[in-house]
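I opened my notebook to look up charged pairs. My entries follow the display.

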Amino acid sequence: MTGASPTRERLPPWHERVTLSNGRQVLIRPIRPEDGEPLRAGFGLLEPDEIRQRFLHAVKELSPETAERLTHVNPRNEFALVVAEPLPPGEALIGAVARVAVDENGRDAEFAILVSRYIKHMGLGRYLMTRLVKWAKGKKLNRLYGDVLENNGPMLSLAQSLGFQREFRQESPGLVRVTLELKPRSNNRTPSDQQRSSAQPQQNQNR
């Protein structure tokens, strides 16, 4: 995957034109309400395993209600990107979707990514994840997490390579939660603890 052309085309925020390794040009941009019908049309082209990896269970079709919910995001607590043909929204086929939604606690957010087999293995999953992380950090969130099927090796490997930690949850058999800490852990030691720690090497030297 390569970046925009040398002409440095000016695009709106979060919009990028990229060329995939197979020469295909795509536009990465925020999802739009007009993308609802292309999403529904493209859903029928997905393999059952692709659907399970995204929704964590079998789904026969993308209903109009679900498509509307997915394409109408609240910018205060949701963010979603698509990888689409460089055509106007509503006309462009969509090959990948990445989204993140802030929890009710306002501190953590859950992500989900789906890349269709037609454009897999071209670095899009990794790139989309870095975009979600950037958005979450911009919102000053504490953690980014997602639930992944335990047999979804590529996603688990991708998450691990980006610093996510795995957590097996007894209440969700077959799923692995991957979590990325977005803020450095605070130092919980008291000042007196820190003083004793800094003094220890001096005591050893005097012995």
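**Salt bridges, entry by entry**

I began with Arg40, which forms a salt bridge with Glu37; their closest N and O atoms are 3.9 Å apart. A salt bridge here is a side-chain nitrogen of Lys or Arg within 4 Å of a carboxyl oxygen of Asp or Glu. I noted that this is a predicted model, where local features need pLDDT of at least 70, side-chain atom pairs count only at pLDDT 80 or more, and totals for chains, interfaces and linings use all residues. Residues are numbered from 1 along each chain as its sequence is written, and side-chain values use heavy atoms, leaving out hydrogens and water.

Why can the two meet? Arg40 and Glu37 sit 3 residues apart in helix H1 (residues 36–43), so about one helical turn separates them. Helices (H or I, at least four residues) and strands (E, at least two) are DSSP runs, numbered from the N terminus.

I checked exposure next. Buried means under 20% relative accessible area, exposed over 50%, partly exposed in between (1.4 Å probe, protein chains only). Arg40 is partly exposed at 28%. Glu37 is exposed at 54%.

Then I looked up Glu78 and Arg99, whose side chains meet in a salt bridge (3.6 Å, N to O). Glu78 lies in strand E3 (residues 78–84) and Arg99 in strand E4 (residues 94–102), so the pair ties together parts 21 residues apart in sequence. Arg99 is buried, at 11%.

My last pair was Asp108 and Arg143, a salt bridge with closest N and O atoms 3.5 Å apart. Asp108 is buried at 9%, while Arg143 is partly exposed at 24%.

The whole structure holds 6 salt bridges.
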